[in-house]
Amino acid sequence: MSDLQAYDGRWVAMRDGVVVADAHDEDGIRSHEAVKETDLVFPVGEPPSGFYLINV
Amino acid sequence: VANKKVDVAIVGVGWVGGILAAELTKAGLTVVGLERGHDRSTVDWQDDHDELRYAIRMELFQNTANETWTFRHNLAETALPIRQLGAWLPGTGIGGAGVHWNGQTWRFHPRDFTIKSSTIDRYGASAIPANMAIQDWGITYDELEPYYDKFEYMAGIAGKAGNLKGQKVDGGNVFEGPRSREFPVAPPEDTPLMALFRRATKNLGYHPFTGPTANLPAPYKNPDGIDRGPCTYCGFCERFGCEVGAKADPTVTVLPVAHKTGRFKIINYANAFAIKNDGKNAQSILYYDSMGRVQEQPADVIVLGAFVFNNVRLLLNSKLGAPYDPTTGNGVVGRNYAYQTGGGGASGWFEHEEFKRYMGAGALSAAMDDLNADNFDHTGLGFLGGGSVSVGQGGARPIQSLSVPPGTPAFGSAWKAAVQHYYRRVVSVGFQGESPAYKQHFMDLDPHYRDKFGNPLLRITFDWQPNERAMVAYAGKKTLPIMQEMIPNGQVASGGPLSPTAPGIITGGPGSLPAHFDTTAYQSTHNTGGAIMGADPSTSVVNSYLQMWDASNVFVVGACNFPQNAGFNPTGTVGALAYRAAEGIIKYHKQGGSLV
């Protein structure tokens, strides 16, 4: 499994637990030549600012 | 010298201990409850709107100077002790977490109990990631339904059914499993904020409803004859005891019933550290009393009804059940640790609308379930699971509820002006996601660190996984349009300059999780697993009555029984399991042996 620490604030594409590409935003990662349609694509890092209620 | 032997001895006097004490003593059994904290009741909360004392300094929670946990993200790391409470807040004292909860009282979906077989049926076995360890519960929703019903009628849960005996009912949660009857209490009225969420989500084609709540909107007398009055909407639920007893908690519902029988005794300041056993049956609970002396409580039946971590640690320290080994997959105690996945929400700062945010109740909310569980088609999405989406009006306490839009200075007069301006104008649409089990997520005994009594701490191994990252990214894309519907023409903050004429500012979009799980920031106290239930002794600790496969007179009950966690708050299911266990213990006490 790839350690995602180096990708904080970026989008990554992951295949079988390994990062195959990263980009600044979703469009960039989706259009990356190394990314297949079946790869998992998601951003890494703190959620957007604001507050979220997850209750005790 | 051992205490007098009783029929049943219980570790922990929270919801599980309280429900069992009431049900078992009503059935004529003698019961002792061992509680590490002290006694308390509604009178203790008469003047408790002290946010610094309860919410910041965390008076009602476990003291990590006495006992804590070690944590690591994976097997290669060395686990370190958690020195201050952060990500989760386990309670201590009579009533346990049932005193400081918010009162959100859900039933899990029928699919949640058969998650593995249902997933394979719909998407095929290949849809489940190789390291994911989801498994069926060994009990179905239909089998658990009568116990959900018991818990809800005891606690006086308010809501509107969305599925009565298989008939879908508009206005309730149409995705829920069939209920045998309506909620015992009608739902609270919509606040303007809840009504706004309801309109917005309906416009987008979703199915909103009032979140089921244990904060009574009206007086209620339960089947045990317990009378409680309604909520005053003071807004001090989460992290606080209820000053009027309107929030269902064990001290105002089940414990008075147990005490009334004359067959229930509580021993306070009792820190259970081991279950004396011969490998087949247990004889007694060993505990430290308030002076630190070892004491012994013998009983015919031993119940572990403490928080997830304490139940699992007690089993491991007592050498009851085979410890889970993540390298071989063998063993059961400690396996399938899971949590609750946050992120994926959206926030809005309104310019032209105000909400009375200072009023509220912990579970006063409008919700939708369209994005939870398998309520939507996951084909091609690349992940499994979902979560509940809601807008809550829990009360906006003066310290922890301040929020200003992105770009606001972090201090000074501009910050103060923004705090004042937005206090009544900020709203959040939250997402509470599932947490599947994984082979590498588990609990065991730490080889290095010990508590103040010299016993090994519990070690937790956990991190966010790609499935949940993709789920949260997806959720954020769905909650953003809801907030945009709530603030038409609101400006989505994207790092650029904000328009002074926009009717509101919005943040949201694809949700994300940190590179690694962060133990320091509060997220949820919905820790689960470690003593999971199931139909197979090789993959579960307890059977469907929460009776240990390896020791028939030991019952382990709580969220530790969840094989993985659903996209809901856990207390409704914990309560249902406690009622199921009570029935099993009464049966066992008469006939002995395995109940299945």
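A residue counts as buried here when its relative accessible area is under 20%, as exposed when that area is over 50%, and as partly exposed in between. B:Pro570, at 9% relative accessibility, is therefore buried. Keep that scale in mind while we walk through this structure, which is a predicted model.

## Around B:Pro570

Let us stay with this proline for a moment. B:Pro570 sits in a loop of chain B, between strand S22 (554–556) and helix H12. Which residues does B:Pro570 touch, not counting those up to four places away in sequence? They are B:Phe108, B:His526 and B:Phe562. For a sense of scale, the C-alpha atom of B:Pro570 is separated by 30 Å from that of B:Asn277, and the two residues are 293 residues apart along the chain.

As a general point, nonpolar side chains in soluble globular proteins tend to be buried together. In this model, the largest nonpolar core has 110 residues, and B:Trp88 and B:Phe309 are those with the most contacts inside it. Helix H12 of chain B, residues 571–591, gives the most to this core, with 9 residues.

Leaving aside its neighbours within four places in sequence, B:Phe309 is in contact with B:Trp69, B:Trp88, B:Tyr337, B:Met443, B:Leu458, B:Ile460 and B:Asn527.

Chain A has 56 residues, and buried residues make up 39% of them. Its secondary structure consists of 1 helix and 3 strands, and from the N terminus on these elements run β-β-α-β. Taking the contacts in chain A with a separation of 6 or more, 36% are between residues 24 or more positions apart.

## Where chain A and chain B touch

How many residues does each chain bring to the contact? Chain A brings 24 residues and chain B brings 45 residues. The size of an interface is often given as the accessible area lost when the parts come together. Here chain A and chain B bury about 2,600 Å² between them, with 61% of it on carbon and sulfur atoms.

There are polar links across this interface too. Between chain A and chain B there are 4 residue pairs in polar contact, counting pairs with both residues at pLDDT 80 or more. On the chain A side, strand S1 (11–15), helix H1 (26–30) and strand S3 (40–43) each supply at least two residues that touch chain B. The largest share comes from S3(A), with 3 residues. Sorted by class, the side of chain A that touches chain B has 15 nonpolar, 5 polar and 4 charged residues.

The interface also holds 1 salt bridge. In this salt bridge the side chain of B:Lys477 meets that of A:Glu26, at 2.5 Å from N to O.

## Salt bridges in the whole structure

Over all chains, a search of the whole structure finds 29 salt bridges. The table lists some of them.

| Residue pair | N to O distance |
|---|---|
| B:Lys477 and A:Glu26 | 2.5 Å |
| B:Asp224 and B:Lys26 | 2.7 Å |
| B:Asp190 and B:Arg198 | 2.7 Å |
| B:Arg53 and B:Glu59 | 2.8 Å |

B:Asp224 is partly exposed, with a relative accessible area of 29%, and B:Lys26 is partly exposed at 40%.

B:Arg53 and B:Glu59 form another pair. B:Arg53 is partly exposed, with a relative accessible area of 38%, and B:Glu59 is partly exposed at 41%.

Terms used
Residues are numbered from 1 along each chain as its sequence is written. Chains are lettered from A and ligands numbered from 1 in the order in which they are written. This is a predicted model: local features need pLDDT of at least 70, side-chain atom pairs count only at pLDDT 80 or more; totals for chains, interfaces and linings use all residues. Side-chain values use heavy atoms; hydrogens and water are left out. Contact means heavy atoms within 4.5 Å. Buried area is the accessible area (1.4 Å probe) that two parts lose on being put together, summed over both. A salt bridge is a side-chain nitrogen of Lys or Arg within 4 Å of a carboxyl oxygen of Asp or Glu. A polar contact is a pair of N or O atoms within 3.5 Å; within protein, one must be able to donate a hydrogen and the other to accept it, and residues adjacent in sequence count only if both atoms are side-chain atoms. Helices (H or I, at least four residues) and strands (E, at least two) are DSSP runs, numbered from the N terminus. Ala, Val, Leu, Ile, Met, Phe, Trp, Tyr, Cys and Pro count as nonpolar, Asp, Glu, Lys and Arg as charged, and the others, Gly among them, as polar. A nonpolar core is a set of buried Ala, Val, Leu, Ile, Met, Phe, Trp, Tyr and Cys residues joined through side-chain atoms within 4.5 Å. Buried means under 20% relative accessible area, exposed over 50%, partly exposed in between (1.4 Å probe, protein chains only).
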